[in-house]
Amino acid sequence: MAKSTDIPEFGLLAGYRVVMMGASVAAPFAGELYAEHGADVIWVEHPKVIDSCRIARRSGSWQQDRRNMRSLAMDYRKEEGREVFLKLLETSDVLIEASVGGRYEKLGLSDQVLWERNPRLVIVHISGFGQTGEPEYVKRASYDPIAQAFGCVMRMNGLPGQPSAPAMPFPGDFAASYYGFGMSLAALLKARETGKGESIDIAQYELMMRMQANYPTDYLRYGLDYIKEGNHSRICACYGTYECRDGMEIYVLFLGSGAVAKGLSVLGLEYGSEDFPEGSTLIPVDTPAAEKVEKAMADFVASHTAEEAEKAFVDAGVPCSRLMDYESAKTNPQYVAREVFTTWKAADGVTDIPGVNVMPKLTNYPGQVWRGAPSIGMDNEDILEELGFGRDIADKMYREGKLGKREYFETTQ
């Protein structure tokens, strides 16, 4: 259990309170970004139904992306739970929720109702299709791959001639998290200036469209549609994935005049020749020059390990990296030097949880991990007490199933 006074003061967001309501990735990770940088983040979860993040894939999602939070396992929809929820929002700066569009309106918890209790509240709604628009779409259930499919992204991923595949891991969810975090911070700045909150309507499919760089514009303006690339650029030679002698892969880019010149040198080809004229910023595919350089690349990777090939290109100044796995990352000197991985105590106070450190790195107000992810309802009594609700109310809510609590458990299968 933890009271708000138990939270150490650290980070850029100390003193702010965030209420997070959502399962899986999108809303929780937005809340986690607040929690890792000093805010008091209260995770309101279902008192009876266990969030899938606690039981899926050995519980790694819960342990990694709910740390530093406090848990209030409460039915917030009516009676005492509703009043506790509204009282909680009176003391909060941000509400982040993820659900089907229009859900809070149907529950009688519209933005206007919430602003009657706290005019400065910043509200972040995350859904697959948005809070407004065609009712048929607004009410649709969604997950990350659905947003990728509807947002024209999934068709871009996979190999040419093969079924399309979702990009991993969960770009629709994490895009929603980052947009929710960033835009809510902007809204907080405005609320401090004006005393007026904001409602942010995040539709995941729209973010997938927004992140497609030039491709939508090229189609809308010129009728040029995206062609699936797979693991090699459809524009530039020597821009893609190559398997090396040891069966490991590298990714390399001959892009930009400097990289082209240096890459050709590694392959034993002459920059400034007829095939590769000086000033070339790329080697176009489907040309004699592309055929020659790809042949040289094939010979090169066939005679070098991935580590050797990476070193040769990197030493020459060509963008290149081996395709790292977690085992390689654990001992990689750059990962180690920047402390990408860290360990913290689980909610049981005993189990060590290894995972990814707080990012990005800050000089003056760094984030930190002060607490492992809470067990279900771990902070119910503390939070209710802080809001002025006595033990009698908590006991009544427990009896009626409006509050829930479970001892620490972790899925190991």
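**Entry 1: Ser-177.** I looked up the neighbours of Ser-177 and, setting aside residues within four places in sequence, found contacts with Val-25, Ala-26, Phe-29, Ala-30 and Leu-33; contact means heavy atoms within 4.5 Å. This is a predicted model, so I noted that local features need pLDDT of at least 70 and side-chain atom pairs pLDDT 80 or more, while totals for chains, interfaces and linings use all residues. Numbering starts from 1 along each chain as its sequence is written, and side-chain values use heavy atoms, leaving out hydrogens and water.

Ser-177 sits in helix α8 (residues 171-194); helices (H or I, at least four residues) and strands (E, at least two) are DSSP runs, numbered from the N terminus. Is Ser-177 buried or exposed? I count Ser-177 as buried because its relative accessibility is 0% (buried is under 20% relative accessible area, exposed over 50%, partly exposed in between, with a 1.4 Å probe and protein chains only).

**Entry 2: Val-356.** I found Val-356 in strand β11 (residues 352-356). Val-356 has a relative accessible area of 32%, so I wrote down partly exposed. Beyond four places in sequence, Val-356 touches residues including Gln-64, Arg-67 and Trp-344.

**Entry 3: a sheet.** I traced an open, antiparallel sheet of 3 strands in the order β7-β8-β9; two strands pair if DSSP finds at least two bridges between them. The edge strands, β7 (239-243) and β9 (320-322), each pair on one side only. β7 and β8 (residues 249-253) share 5 bridges, and Tyr-239 has Leu-253 in β8 as its bridge partner.
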